[in-house]
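The following paragraphs are intended for a reader who meets this structure for the first time. Please keep the sequence and the model in view while reading.

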Amino acid sequence: MAKLRRWLVTLAALGGALGIAAGALGAHALALAPGSAAAHRYDTAVFYLLLHAGVVVASGTNRAVSQPAWLVSNALMLLGMLGFSGGIIASTYLALEHPLPVIPAGGTAFIMGWLVAAGAVFRGAPKGGAG
């Protein structure tokens with residue numbers, strides 16, 4: 001379980017670095033019209049990528065959070081980062097006319113990750129936590 005946690009946190013931290021890089025490239029290298037639908041989608045993808053990277057790193061490095069449900073939640077959020085955020089960022093960079101089909105699956109993974117987290121909290125305090 002510790003090895004899986006380490007991998008999840010490492011991948012999330014790399015996702016955070018990618019989010020910063022994607023935001024910088026979007027601001028300086030992409031020719032997106034300010035206020036356009038493409039710019040809004042791109043900004044949303046970068047925001048979700050950074051938000052979920054932070055959530056996974058924070059919960060993954062908290063030793064009190066050791067329920068398997070949290071690992072599942074974190075894994076789903078990583079899949080969301082890859083599918084939703086990665087799909088939108090890739091679609092934008094590649095100037096695809098139609099969005100990649102992985103984007104809705106990534107959004108679903110985000111939602112499922114939050115629902116699993118809610119279920120873990122509802123069931124009780126994490127092992128070793130206050131409650």
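A residue is called buried when its relative accessible area is under 20%, exposed when it is over 50%, and partly exposed in between, with a 1.4 Å probe and protein chains only. Histidine 40 is exposed, because its relative accessible area is 55%. This histidine 40 belongs to helix α2, residues 37-61. Between its C-alpha atom and that of tryptophan 114, which lies 74 residues apart from histidine 40 along the chain, the separation is 23 Å.

The model is predicted: local features need pLDDT of at least 70, side-chain atom pairs count only at pLDDT 80 or more, and totals for chains, interfaces and linings use all residues. Residues are numbered from 1 along each chain as its sequence is written, and side-chain values use heavy atoms, with hydrogens and water left out. The pLDDT is the predictor's confidence in each residue, from 0 to 100. Its mean for the protein chain is 85, and 90% of the residues reach 70 or more. Among the elements, confidence is lowest in helix α1 (residues 2-28), with a mean of 87, and highest in helix α3 (residues 68-93), with 92.

The protein chain has four helices and zero strands, where helices (H or I, at least four residues) and strands (E, at least two) are DSSP runs numbered from the N terminus. Of its 131 residues, 35% count as buried. Its C-alpha atoms fill a box of roughly 50 × 25 × 25 Å along the principal axes. A contact means heavy atoms within 4.5 Å; among contacts between residues at least 6 apart in sequence, 77% join residues at least 24 apart.

The model also has pockets. On a 1 Å grid over the protein atoms alone, a pocket is an open set of points where a 1.4 Å probe fits, with protein on both sides within 12 Å along at least five of seven lines; lining residues have an atom within 4 Å of a point. The lining of the largest pocket includes Ala38, Arg41, Ile88, Ser91 and Thr92. The elements that give two or more residues to this lining are α2 and α3, and α3 gives the most, with three residues.

The lining of the second largest pocket includes Leu11, Leu14, Leu78, Met81 and Ile89. Here α1 and α3 each supply at least two residues, and α3 again gives the most, with six residues.
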